[in-house]
Amino acid sequence: MRLPIDAAALESIALTIRSSDPRLETGGALFGPSDGSKVLHAAGPGPRAEHGPRSFLRDLAFTQHEAGRLYQADRSHWIGEWHTHVDVPPTPSDLDLHTYAKHMADRDLGFDRFLALIIAISESQPILAAWILERHGNELILMQAGTQLLDLS
Ligand SMILES: [Zn+2]
């Protein structure tokens, strides 16, 4: 399975990474059709995001503003998150999985599928790995949905 990611979303991610401290994680929310079948937009972290070497927390108010704007623009919904990993592989950490599971357990959010893009930025060319978390009955299944090199130039 390969997750389609719009070129504009990849450019937005590359732009955010280029303008960020490479020793700290950065990221943002992903938006697209509500079934999570593809990624159309990748928001930035927002001015009040918290960046650590092994952690990242989005700016919630900024993300909500982006969600409203993108829903108006093309009816996009919040479908997942992207973030960087500093000198560790682009696989979800225990903390990442805990966060994703929490979003999926939130009935108000109503996620049956949650997308995660993780970008390992320590390599000379960053590697982007796509992940899909799906609910199957009472179980959450994590699937790899493709990797690609991310062009930062
Ligand atoms: Zn992570």
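Which residues have the most contacts inside the largest nonpolar core? In this predicted model, that core has 29 residues, and those with the most contacts inside it are L30, V39, A116, L117 and I119.

- L30, one of the residues with the most contacts inside the core, is in contact with V39, A42, I79, G80, E81, W82, L115 and L117, when its neighbours within four places in sequence are left aside.

**Backbone angles in two loops**

- Most residues other than glycine have a negative phi.
- R75, although it is a residue other than glycine, has a positive phi, near 65 degrees, and its place is in the loop between α2 (60–74) and β5.
- D87, which is not a glycine either, has a positive phi of about 35 degrees, and this residue lies in the loop between β5 and α3 (94–105).

**Exposure of these loop residues**

- R75 counts as exposed because it has 12 C-beta neighbours inside 10 Å, and the cut-off for an exposed residue is 12 or fewer.
- D87 likewise counts as exposed, because 12 C-beta neighbours lie inside 10 Å of this residue.

Terms used
Residues are numbered from 1 along each chain as its sequence is written. This is a predicted model: local features need pLDDT of at least 70, side-chain atom pairs count only at pLDDT 80 or more; totals for chains, interfaces and linings use all residues. A nonpolar core is a set of buried Ala, Val, Leu, Ile, Met, Phe, Trp, Tyr and Cys residues joined through C-beta atoms within 7 Å. A residue is buried if 20 or more other C-beta atoms lie within 10 Å of its own, exposed if 12 or fewer, and partly exposed in between; C-beta atoms are placed from the backbone. Two residues are in contact if their C-beta atoms, placed from the backbone, lie within 7 Å. Helices (H or I, at least four residues) and strands (E, at least two) are DSSP runs, numbered from the N terminus.
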